Structure formats: C-alpha cells, structure tokens
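Subject: Structure for your files

Hello,

The structure is below, followed by notes on what was found in it.

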Amino acid sequence: MTWDWSAVSAFLPHFRDGLVVTLQALALGSLISFSLGLVWTLLMRTPTRWVRWPVGVVTEFVRNTPLLVQLFFLFYVLPEWGLAFSALTTGVLAIGLHYSTYTMQVYRAGIEAVPVGQWEAATALSLPARRTWCAVILPQAVRRVVPPLGNYVISMLKDTPVLMSITVLEMLGQARLFSQQHFRFTEPVTVIGVAFIVVSYLASVLLRTLERRLVR
Amino acid sequence: MTPGLWDLVLRGAWTTIQLLVLSGLLMTAVALVVGVARTSRHWSVRFLAGLYTEVFRGTSALVMIFWVFFVLPVALGWQLVPLWAGTLALGLTYGAYGAEIVRGALGAVDPAQREGGVALGFTPGQRLRLILLPQAVPEMIPSYCNLLVELLKGTALVSVTGMGDLAFSGNLVRLALQESAHIYTYLLVVYFVIAFVITRLMRGLERRLKAGLGGVA
C-alpha cells in the first residue's frame, strides 16, 4: 500500500465541507429527535389506549427497521405525495424520526425513575398538572436523561454517513466523490475514519463534563 | 410484480439473512473474546482490548464497510468476496459493542462467586467457563438481542457498496416498477418481521438459560 500525503492535503478542503454538513445534520437531527421523542413519551402517557396503541406500534416499527430503507422511503416517496425537500432536509428528518423512537424510551425511563413520593407530594399540595410537570417531575428527570441522550447523539453521529446514499455530501459522501475523481480510496476513507473516532471521542469527553455538572 | 422481480427480492432477502447469521456469529465470537480480555489480569491485554473497543465503537459502521470494501483490497493486494467483506466489517464493528455487554455482565456477577471458585481451587479458565459465564450469559441476552436487531439494521448498509442484499434488490425493483411507496413498505415490513423473529427467539433462549440456573439468588 502506498500512503500519499499530497492526496490527504488535496482532500482536506472537501473534508472540511463534509464535516460541516455532518455536524449540521447531527445538530438538527438531535433537535428533532429530542423534541419528537418527548412528544411520543407524552402521547404514550395519555389515558386512552386509542392513542397509546397506534403510537406504540408505529414507534416500535420505526425502531426495528433499518434507517437506510427509511431514508429511501422518505427520499423517494415524499415527492410522490407532493412534499419535495432537499436531500439534507430529508436526511435530517429521517435521522430525527428514527432516533426519536430511541429517545422516547430514555424519557420514559427518566420519568419513571422519579420516586412515586414526588408525584404524591405534588398531588398532596394540589399542584396543577402543569406545575407538577414543570417544577417537580421534569427537573428531576432531566438529570437522569442527559447521559443516555448523549450516547444517542454519538450514535447519531455515526449514522450520518448513511445520508450519503441519498446524495448528501457529508464526510463519507465527500470521500467517495474524491476517491472516484482521483482513484485514491485509501487516504480519504482513512482520514474520515480517524475523524469519526476523534469527533466521537471529543463528544464523549464533553458529555462526561456535562454529566458531572448536572449530577452535582 | 413479475415472478422475476420476486425472485430478485427473495434472493436479496436470502443474502441479508446469510449476512446476518455470519456476522452475528463473528460478532458473538469477537464480543466474548474481547469482553473477557477486558477483565484480564494483565494490563497489556486489558489495554489492547480497550483500544479495540474504542476504535471500533468510534467509527461509523458504514465507514468501516467502505474501508473493508475499498481500502483493504488496495492495501493487501487481494479482495474478499462481498459476503465475507460485509461479514468482517459488521462483525468487527458490532463485536466491539458486544464486548461492552459481555464486560458489563461479567462485572455484574457477585464477586463472592469468583472468590468461591478461587477457594475451591478452580483454574481461571474453569472459573470463567463453569462459574462466571453460566451466570453472566442470561444477563447478557436482553442487550444482546437489541444488538442483534441493530446488526440486522446494519446489514442494510452493505447495499451502498453494491452488494445484492434486501435493500439493494428493493432499489432495483423500484427502478423497474417506479412505485416507491409499495416497494419500500414491503421492504420495511420484511425487516420488521426478521427483527420480530429475532426478539422472540432471544426471549425463548433467555427463559431456557435462566431455567438452567436453578436456585441462584
């Protein structure tokens, strides 16, 4: 094998563009999954099973099927229904939707982990439902929810290369384009492989610091 | 759909299942070896196993697949058959996640069990095989089942390199028929059914293994 540093430096500008797209997809995907996951959790707590049952089935289905196929589904089927988004928007929606079915479990576990006594105290003080949630339950749940959510952010990062398959030029897409133009696979693919390790390691360090802040 | 297209989809599904079974086996082997190595007495073994998990959990599975499919042939001068290349990439990546499950479950076994083994003069190998693993394995099954479903979803990634798995043949059928909604719904349902079967099988296995443990508190 020959390692060519000039190919690495030629790839770097493309790598930077790819990194920006990857981080954009990650940030927006996280936002969608965090908020949509909360919506699923709250819907699963409604008293009627006519809401719980469909939400449960849909989320279970989304969780157990490949993100890649969901991506194709959104990318090719939404335009048929008259909803045309850019490739990146579709990708962000798909990642957000896919991971919202994971974050809903995190929220559920976080809410269930709040001691029953807290609920009972809120009832005893006859707090209205809104204040029970905002002032008593959620502040305690957030603390338990942050570490697992952070883990999902990291797995989302590692799922962003899938967007390449619907023509988004994130890191792997850039690497593939570059290698097809220059017939060099080794350098670009290795560079982004290392970049993924570095970014996910930095993210995990950041998360650990955040966790320590919250637990204190 | 014409019979020819059905044939294509069935062959794709067969490839996906083959890939799932092979990479599942490799994943299990890697997970056990690396997971046990992380509890080793020698720091060098622990360090290497830790490095392995960090590196393979740090990269994306898809990047790993690209690496095995496109960089490895250039680097080594020979190329793996797509099925084995996919197996290698997926097995090694998901094996690193599995290693963490194994390590966690081994750590969760009551320390007194290990000490009991020492007191009775068991060798480290016997302790692992006769005392620790029989208690740790049932604990691993739920997370292992989740990991298998993740692996199933991961097998769809190989279609990006042009390997004819279920997702790939679905794309071909879409090109032939120009009906995205139907095809992709079928595809998702097939994946869901496979995932469902995995979950059921694992639940049965867990019950069998737990029953074999007898009255361990």
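Buried area here is the accessible area (1.4 Å probe) that two parts lose on being put together, summed over both. This is a predicted model, in which local features need pLDDT of at least 70 and side-chain atom pairs count only at pLDDT 80 or more, while totals for chains, interfaces and linings use all residues. Residues are numbered from 1 along each chain as its sequence is written, chains are lettered from A in the order in which they are written, and side-chain values use heavy atoms, with hydrogens and water left out.

The interface

Chain B and chain A bury about 3,000 Å² between them, 75% of it from carbon and sulfur atoms. On the chain B side, B:Lys153, B:Leu188 and B:Phe192 lose the most area to chain A, together 19% of what that side buries. In contact terms (heavy atoms within 4.5 Å), 35 residues of chain B meet 33 residues of chain A. There are zero salt bridges between the two chains (side-chain nitrogen of Lys or Arg within 4 Å of a carboxyl oxygen of Asp or Glu). Helix 8 (180-213) of chain B supplies the largest share of the side that touches chain A, 10 residues; helices are DSSP runs (H or I, at least four residues), numbered from the N terminus. That side of chain B has 23 nonpolar, eight polar and four charged residues, with Ala, Val, Leu, Ile, Met, Phe, Trp, Tyr, Cys and Pro counted as nonpolar, Asp, Glu, Lys and Arg as charged, and the others, Gly among them, as polar.

Regards

How values were computed: Helix = DSSP H or I, 4+ residues; strand = E, 2+ residues; numbered from the N terminus.
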